[in-house]
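Reader: I would like to learn how to read a structure with two chains. Where do we begin?
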Amino acid sequence: MTHDLVILGAGPAGASAAITAAELGLRAVVLDEQQNAGGQVWRAPSGVETPGDDGARLRDRLRVSGVTRAFGRRVWLAERGFTVSALGPDGAEDYRAPALIVAAGAHERHVPVPGWTLPGMIGLAAATILLKSQHILPGRRVVVAGVGPLLLLVAAEILRGGGEVAAVIDANRRRDWFATPLALLSRPDLAGRGAGWVTRLLRAGVPILSRHALRRIEGTDGVTRVFAGPIDADGTQIAGPERAFDCDALCMGYGLQSSTEVTRLLGARHAYQARGWAPVTTAEQLTSVRGLYACGDGAGVQGVAAAPLRGQIAAIAAARDMGRLSASEAENRLVVLQARLGRAARFGEAMARLATPPPNLVPSIPAETIVCRCERLSRADLDAAITQGAVTVNDLKSATRCGMGPCGGRMCEYAAAGLIGARTGRTPEQIGQSTARPPLRPVALQALAGSFDYDSLPMIEPAPL
Amino acid sequence: MSAPYDLLVIGGGIMGCAAALRAAEGGMRVVVIEQAAIGSGASGVNTGTLSLQIKRLKLMPYALKGYAWWKAAGEAVGFHCVGGLTLAFNAQEADILSERMLQKRDAGAPIEIISANAVADREPALSRRVVAASWCPADGYANASRTGMYFRHLLAEAGVEAREHTRVDDVVRESDGFVVTTGADTLRARRVLLAAGGWAPALAAKLGYTPPIRVRVNTVSVTERVPRVVDRLIGHVTGLLTLKQKDNGTVVIGGGWQGRGTPDEGRGEVVPERLLINLRLAQFVLPALGTARIVRAWTGFEANVPDFYPLAGVIPGVDNAYILGCVRGGYTIGPYMGRLVGDLILGNEPELPLFDPKRYQTNAGSPVTQEA
């Protein structure tokens with residue numbers, strides 16, 4: 001199927017790019033793994049839409065835009081040119097277009113803690129999805145731990161859903177939250193919501209521990225108790241009382257990082273900034289690869305207010321670059337969007353900074369703690385390989401299989417890179433990212449192979465004897 | 001500037017490292033320069049197959065020696081001897097199979113032809129459409145991703161300096177040796193060995209030599225961990241499928257299906273249409289694999305020359321400069337080829353004949369005109 005533009009991801013950025021592309025007369029298709037638009041943040045509810053909700057509005061606009069919506073698609077390969085290979089309800093599909101907008105979103109950053117592989121531990125971001133779109137509580141008595149504004153949102157939502165919050169454990173200080181007043185003032189509406197969450201938690205008597213981190217998680221079949229201890233501003237453990245909290249679930253996360261599998265696979269240049277890798281883009285969201293645009297949190301985490309603007313900018317730039325929109329018309333539109341983006345991005349970046357783990361959390365991981373869950377590798381396993389000369393994430397991957405399981409490194413790569421840095425003093429740029437390999441997500445062999453007949457397989461001449 | 005090295009090896013793959021180790025054993029002061037990490041190129045990203053059945057007839061004596069080296073390395077490289085089956089699915093394939101395998105048996109590989117029923121007894125999950133198979137109890141595999149760690153350790157033990165993540169910018173001949181510049185340094189050496197696989201042509205050009213190297217872009221894929229479906233190494237008579245389930249439950253699928261890209265671009269890409277045929281063949285041979293999820297597919301650059309034999313010897317017209325590499329099945333025989341070239345560099349008579357690059361210099365229009 002040939003289009004003018006393929007868009008990967010139908011979250012706020014991708015869906016907005018699609019709507020803009022359609023307005024500009026481009027034949028566009030937007031693919032998403034979910035059954036509807038909205039991404040993680042504006043995920044469609046399992047039941048009836050709430051009218052007027054941001055996500056509902058986006059889905060309505062996308063529905064009438066004329067864009068081809070290809071939902072329930074598992075994209076497994078993207079090639080320059082561009083060809084996107086996906087598996088859908090009817091099997092394998094290829095989508096071709098001269099331009100590609102990647103709006104892949106973000107995934108959670110994890111800092112391993114002893115016991116974090118126990119059932120009952122879920123990511124903070126996963127918890128928001130459970131709470132918001134499924135209205136399911138992670139547990140009856142929940143500890144919320146990690147860093148950043150999402151802690152408060154999740155804790156407040158648990159209370160609202162009738163659950164109990166045993167404690168909120170924040171590696172940063174709540175005071176840090178107001179250290180960026182200019183950025184907060186740029187979005188007083190969102191800042192106000194944050195203050196509301198704090199009030200609700202304090203009123204419910206929830207202990208909020210600042211500058212604390214989990215020391216260990218206990219349980220046999222699942223999480224039953226967690227221990228937290230004090231840390232300094234850098235995340236180094238300091239003397240002070242350990243506190244224990246009984247619970248049956250734990251929501252833990254250390255902020256979001258851009259999902260860069262697609263842009264890496266396509267060979268775009270990436271840079272490390274604000275504790276995360278992201279594709280390098282121009283102000284118009286163009287990557288280092290001609291025709292490839294990246295927007296939304298997948299192009300550096302700037303949050304939900306910035307995402308739709310970045311999507312629109314990418315679509316306008318793509319239309320202009322393929323000669324479908326005059327330079328002056330594009331300029332008129334871009335100026336307006338860029339001005340609005342500046343404010344939204346400043347707020348989003350300030351929020352992302354608050355959701356940045358202090359640097360010494362990873363170096364403090366105890367030796368026996370599992371770091372790579374898929375391959376069950378402990379810190380000691382990784383340290384041994386680092387001592388033997390593994391100085392990049394790729395080295396560590398080949399030496400130990402760290403990041404080679406089904407998660408593709410999404411769970412462990414941040415910590416693995418941090419461990420290399422701690423032991424070798426190398427910079428994140430020197431440590432690098434792992435090489436992206438297809439499939440972008442695991443896919444069943446038979447889904448790729450489809451139906452075929454042995455006798456018609458095109459066999460090449462056998463190798464010489 | 002410090003005293004020149006006796007030997008400077010460019011390329012820290014299996015062959016370069018093995019040659020460096022042999023030279024060091026013979027008393028030479030050796031340095032290995034590797035643009036990425038030791039063993040991270042073709043040496044580290046291939047399927048790790050150690051199959052005598054897929055080795056070429058003329059290379060069998062080398063393959064047997066190379067195989068013995070991997071076997072001796074054992075657990076450190078993840079060596080497993082599980083035996084291998086090569087399958088034929090129609091009469092024509094069966095003819096090719098028996099003709100070739102019997103010759104390989106005569107060349108020293110312990111191969112026998114077995115019936116379809118014998119195959120089903122050994123591996124009940126395999127397709128029932130097998131009509132004949134060959135069996136080699138010695139066949140097995142090692143874990144290619146451990147190549148680097150293992151050689152890094154051997155080099156350190158032997159006192160060979162290894163400079164990783166170091167790219168060679170230039171190689172210049174001088175009256176009594178070579179000056180090699182890297183991003184960080186200028187090094188002198190009495191001898192150089194180019195063992196840079198697909199990256200060798202660009203380096204050889206700096207010495208005025210144009211090796212007849214072409215590069216294949218081989219595709220490999222692997223499943224997530226799945227319950228045990230197959231114990232032995234499985235191959236297709238055409239060589240277009242190799243398959244094994246490792247200890248950890250993952251199934252590694254290869255067969256030399258071609259991706260795209262060049263070493264100079266620094267990245268190879270999977271070509272989906274070809275990967276799909278590889279996967280179809282895998283599913284046909286082992287239907288139970290259908291539900292296993294593929295978690296990763298990748299490519300590696302395999303250098304070769306038109307006759308698909310090694311290029312191993314003195315660079316024509318350039319004294320004290322050597323080249324080594326370029327062979328189908330280099331993973332198995334690499335350690336031994338490296339040792340032979342190490343002997344050549346030491347001035348010893350190699351145990352088995354080398355594959356002199358001069359065989360490509362016979363025409364008057366030889367690409368190399370530089371004086372010795």
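Reader: How many residues has the largest nonpolar core, and which have the most contacts inside it?

Author: Nonpolar side chains tend to be buried together in soluble globular proteins. In this predicted model, the largest nonpolar core has 277 residues. Those with the most contacts inside it are A:Ile101, A:Leu250, B:Leu8 and B:Ala20.

Reader: Which residues does B:Leu8 touch, not counting residues up to four places away in sequence?

Author: Among them are B:Val31, B:Ile33, B:Phe178 and B:Val180.

Reader: How many residues does each chain give to the contact?

Author: Chain A gives 31 residues and chain B gives 42 residues. On the side of chain A that touches chain B, α14(A) gives the most, with 4 residues. That side of chain A divides into 22 nonpolar, 6 polar and 3 charged residues.

Reader: What joins β23(A) to chain B?

Author: Strands of a sheet pair through backbone hydrogen bonds, either parallel or antiparallel. Here 2 bridges join β23(A) to β18(B), residues 293-304, and the two strands run antiparallel. Opposite A:Val443 stands B:Ile294 in β18(B).

Reader: In what order do the strands of the open sheet come?

Author: The order of its 9 strands is β23(A)-β18(B)-β14(B)-β17(B)-β16(B)-β15(B)-β5(B)-β7(B)-β6(B), with mixed pairing.

Reader: Why is one side of β23 of chain A left without a neighbour in the sheet?

Author: β23 of chain A stands at an edge with a single partner strand, as does β6 of chain B, so one side of each has no neighbour in the sheet. The partner of β6(B) is β7(B), paired in the antiparallel sense over 4 bridges. Helix α4 of chain B packs on the sheet, touching β5, β6 and β7 of chain B.

Key
Residues are numbered from 1 along each chain as its sequence is written. Chains are lettered from A and ligands numbered from 1 in the order in which they are written. This is a predicted model: local features need pLDDT of at least 70, side-chain atom pairs count only at pLDDT 80 or more; totals for chains, interfaces and linings use all residues. Two residues are in contact if their C-beta atoms, placed from the backbone, lie within 7 Å. Ala, Val, Leu, Ile, Met, Phe, Trp, Tyr, Cys and Pro count as nonpolar, Asp, Glu, Lys and Arg as charged, and the others, Gly among them, as polar. Two strands pair if DSSP finds at least two bridges between them. A nonpolar core is a set of buried Ala, Val, Leu, Ile, Met, Phe, Trp, Tyr and Cys residues joined through C-beta atoms within 7 Å. A residue is buried if 20 or more other C-beta atoms lie within 10 Å of its own, exposed if 12 or fewer, and partly exposed in between; C-beta atoms are placed from the backbone. Axes are lines fitted to C-alpha atoms, for helices over the stretch in contact, and angles run from 0 to 180 degrees between N-to-C directions.
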